[in-house]
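Okay, thanks for making the time, everyone. Let's have the model up on the screen and then walk through it.

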Amino acid sequence: MTMITRTRIARLRTLALTGITTTGAAAVALTLMPANAQAAEATQVSASHVVNASSNDGSTTSQGKGGSAGSLDGWIKQSLAIMKAKGIPGSYEGLKRNIMRESGGNPSAQNNWDVNAKQGTPSKGLLQVIDPTFHAYHVAGTANSVSDPVANITAAANYAAHRYGSIDNVNSAY
């Protein structure tokens, strides 16, 4: 092979690998968290359109009714009870599918590499929520902490309901 042919093949390999890497990174970077424009939109949503909590809402923790406290099944069931009471649509299957895709069921999951993290706002928890989205869509009756599993699930479901109609309508990275 000539030097020109080898150079072209090397360039093609580099371009192919770069394309695959870029596509994979872009797909993974799309998460529940809104992009810059969406983040501004999320924080400007009218209170009449979002189920919100007061600053001191007598928050609950991840302990309590439905399922085993401290388990994914229990957290989902607790969230569903709160969602039902607040009129937030969603099903067990929709929540679990999205949780498994976003965090693998790890309530301590934190994304420290995507565009949000690079801007100082990493996505956190079971449904990978950034702090501005959590605060905009926090639901009364849950802890005021993005790292609380029930609060994370419920706020994410509230966000998805307003953005997509229901968490059940989300079938890929959002």
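This is a predicted model: local features need pLDDT of at least 70, side-chain atom pairs count only at pLDDT 80 or more; totals for chains, interfaces and linings use all residues.

Residues are numbered from 1 along each chain as its sequence is written, and side-chain values use heavy atoms, with hydrogens and water left out.

Let's start with N111. You'll find N111 in strand 1, residues 110-111; strands here are DSSP runs of E, at least two residues, and helices are runs of H or I, at least four, numbered from the N terminus. N111 has a relative accessible area of 7%, so N111 is buried. For the cut-offs, buried is under 20% relative accessible area, exposed is over 50%, and partly exposed is in between, with a 1.4 Å probe and protein chains only.

So what does the N111 side chain reach? Beyond neighbours within four places in sequence, N111 is in contact (heavy atoms within 4.5 Å) with A117, P122, S123 and Q128. S123 is 12 residues along, yet its C-alpha sits 5.3 Å from that of N111.

Next up, two helix residues. N158 is in helix 7, residues 149-164, and is buried at 0%. Its side chain reaches the backbone oxygen of Y137 at 3.0 Å.

S79 is in helix 3, residues 72-86, and also counts as buried, at 0% relative accessibility. The S79 side chain reaches the backbone oxygen of V150 at 3.2 Å. Contacts of S79 outside its sequence neighbourhood of four places are V150, I153 and T154. T154 is 75 residues away along the chain, but the C-alpha atoms of S79 and T154 are separated by 5.4 Å.

Now, how many salt bridges are there? Taking a side-chain nitrogen of Lys or Arg within 4 Å of a carboxyl oxygen of Asp or Glu, the count is three.

K77 pairs with D73 at 3.2 Å between the closest N and O atoms. Why that spacing? They're four residues apart in helix 3, so about one helical turn separates K77 and D73. K77 is partly exposed at 37%, and D73 is partly exposed at 27%.

E102 bridges to R101 at 3.6 Å; E102 is buried at 13%, whereas R101 is partly exposed at 31%. Finally, D131 forms a salt bridge with K124 at 3.2 Å, and D131 is partly exposed at 26%.

Definitions and conventions. A polar contact is a pair of N or O atoms within 3.5 Å; within protein, one must be able to donate a hydrogen and the other to accept it, and residues adjacent in sequence count only if both atoms are side-chain atoms.
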